[in-house]
Amino acid sequence: MEQLFSALYVIETLTKEVLRQRVQMENSIEKFQIKVITARLKELALQPNPLSTPEYIDLLTEGESPEPEEKAPLRAIDLAKKIRQEKREEERTTKGIKPTATPLQKRVSELKQFTQQLQNVHPNVLAKHLHKTMLFQNRDVIVLNKPYGVSVKDHGGGTCITAVLPILAKMMDLKVDSELQPCLGLEKEVTGTLLLARNQEAVDNIVYLHRHNQIQRKYWAITVGVPVPSEGVIDIPLIEREIAGTQHHFKMGLSPMFRLNETGEGVSRIRAHRQAESAVTKYRVLDSRAGCSLVELEPLTGLKHQIRVHLACALGCPILGDHKYSSWTKLAPQKLPENVLGKLGLEKSKTRNLTLHLHARQMVLPGTTSQPEIRVSCPMPKYFTKALQRLNLIFPDEKEPN
C-alpha cells in the first residue's frame, strides 16, 4: 500500500512539473513573439506612412483574439520567416541584384539614366554627340538631332545646348566671327530636328519665314486615344491659366472663341480673352490600333505646349507620357488603360517613368534663287520605335522606321 501511495505521489509531482514547464515555455514563446513584433513595429515606424501600412495594422492586432470566421493569428515562427525573407531581399538590393524587368522597363530605366547623364555631362561630350548626330549643314543653317531631356536654353537644370554651341563651332572649324544661334527651339522633353543659324543674316531670314508660315515643321506623336475626325485643323487660342489646389501650378489651356447655344444647336461667337494668343495646328492620323494612334502634326503657330494642349484638351487624346496635360486639375502620373499597359508591358506604378512620345520628325525650308529647298528628316529615338512596335502601330508607306 505504501508503495502505491509513493507511486501516486511521484506521478502527481511529475505532472505538476510538466505543467509548470509547459507554462514557462508558453510564456517564453509569447515574450519572443512580443519582442519580434516590437522590433518589426520599430522598422515600420521609419517608413513615410507607417499607419497606412497593412502590416502595421496586422501587427497591432496580433495579440487580439480572432473571430471564428477569420484566419488564425500570425504565429511568431511565420513572422520570423517573413522578416528573414525581407532581409534577404534587402541584401540582394544592396548587392545590386535587381528583380527581372521587361525589355521596355529596362529601356525606360536606361533612358532615364541617359537623361540624367546628359544633364550633368561635360560640355565637350555633349558637343561631340551633337556633332556626330548632325543632320544637315550649309553656309547659313545647321540642323541638329536634339536628344531627349536636354534643354535648348539654360534653365538652371544642367548642361544645355546653347552653352555648348561655341565648342560645337570650334569642332566644325567655323569662322571666328560665326556664332551659332538656336532658332525655333524645342522643349526639353521633345526630340528631333533643331534649327541653328550660323550668322545674323540667317537669323533674320528664319524669323521672317517663320512669321509668314513658310517653314514647314512636322511632328509625330503617339496618343492615348484615337482623334475624331481623323484629319483636320485645330484653331483654338491658348492662354496660360493658374490651377489652384494642393498642387498650385500653371498650365496652358484653351480659350475658345465660340460656345454652344443654350438649345445645343449651333454656336455663337464670344469675346476673346485679351491675354489669349492664336494657336493653329493641322493634324492627321497615320495609324491607330488598340486605343492608341500615331499622329502627324503641323503647328502653324509656335506657342508654348501648343501641340500637347490641342491634343489633350481639344481632341481628348493626350500624348503618351504627357503627365502634365493628361489631367487638368492635378499634377500626377498619366493614367493608362489596362490594354495599353499590357501592350507596353508596364505596371501602373511605373507609368511615372514614361517619357513624352513627341518627336520633331521633319523640317522644310523654302528654296531661294541661289539655294534649293532644304528638306530634313530626323530618325526617331529607340524608345519611340519600341513603343510603336509594342502597340502594333505602323508607318504609312514605309516598311521600316528610319
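How much space lies in the largest pocket? About 710 Å³. Bear in mind that this is a predicted model. The protein has 402 residues, and 39% of them are buried. Its secondary structure comes to ten helices and 14 strands. Of the contacts with a separation of 6 or more, 63% are between residues 24 or more positions apart.

**The largest pocket**

- The lining of the largest pocket takes in 26 residues, and the closest to the pocket's centre are Gly185, Leu186, Glu187, Leu303 and Lys304.
- Three elements each supply at least two lining residues: β3 (181–183), β5 (216–224) and α8 (306–314).
- Helix α8 gives the most, with three residues.
- Sorted by class, the lining comes out as eleven nonpolar, eight polar and seven charged residues.

**Aromatic rings and the charges over them**

- A pair of aromatic rings is described by the distance of the centres and the angle of the planes.
- There is one aromatic pair in the structure, formed by tyrosine 148 and tyrosine 383 in an edge-to-face arrangement, with 5.9 Å centre to centre and 70° between the planes.
- Tyrosine 148 lies in the loop between β2 (141–146) and α6 (161–171), while tyrosine 383 belongs to helix α10 (residues 382–390), so the pair ties together parts that are 235 residues apart in sequence.
- Tyrosine 148 counts as buried because its relative accessibility is 15%, below the 20% cut-off.
- Tyrosine 383 also counts as buried, at 5% relative accessibility.
- Arginine 361 lies over the face of tryptophan 220, 4.6 Å from the ring centre.
- Lysine 324 has its charged end over the ring of tyrosine 325, at 6.0 Å from the centre of that ring.

- Leucine 111 lies in helix α4 (residues 103–119) and is buried, with a relative accessible area of 6%.
- Setting aside neighbours within four places in sequence, leucine 111 is in contact with Thr355 and Tyr383; Tyr383 is also a member of the aromatic pair.
- Leucine 111 and asparagine 353 are 242 residues apart along the chain, yet 9.4 Å separates their C-alpha atoms.
- Serine 255 is found in the loop between β8 (249–254) and β9 (258–260), and it is buried, with a relative accessible area of 8%.
- Again leaving out neighbours within four places in sequence, serine 255 is in contact with Ile236, Pro237, Ile239, Arg241, His273 and Ala276.

- Most residues other than glycine have a negative phi, and most peptide bonds are trans.
- Valine 228 and proline 229 are joined by a cis peptide bond, with omega at about 0°; proline 229 lies in the loop between β5 and β6 (231–235).
- Alanine 290 has a positive phi, near 55°, and sits in the loop between β11 (280–289) and β12 (292–299).
- Alanine 290 is partly exposed, with a relative accessible area of 28%.
- For histidine 305, phi is positive too, near 55°, and the residue is placed in the loop between β12 and α8.
- Histidine 305 counts as buried, at 12% relative accessibility.

Technical notes. Residues numbered from 1 in each chain as written. Predicted model: local features only at pLDDT ≥ 70, side-chain atom pairs only at ≥ 80, totals over all residues. Heavy atoms only, no water. 1 Å grid on protein atoms, 1.4 Å probe; cavity = no way out; pocket = protein on both sides within 12 Å on 5 of 7 lines; lining within 4 Å. Points joined across faces, edges and corners; volume = space filled by probe spheres on them. Helix = DSSP H or I, 4+ residues; strand = E, 2+ residues; numbered from the N terminus. Nonpolar A, V, L, I, M, F, W, Y, C, P; charged D, E, K, R; others polar. Phe/Tyr/Trp six-rings, centres within 6.5 Å; stacked < 30°, edge-to-face > 60°. Buried < 20%, exposed > 50% of the residue type's maximum accessible area, 1.4 Å probe, protein only. Lys NZ or Arg CZ within 6 Å of the ring centre and 35° of its normal. Contact = heavy atoms within 4.5 Å.
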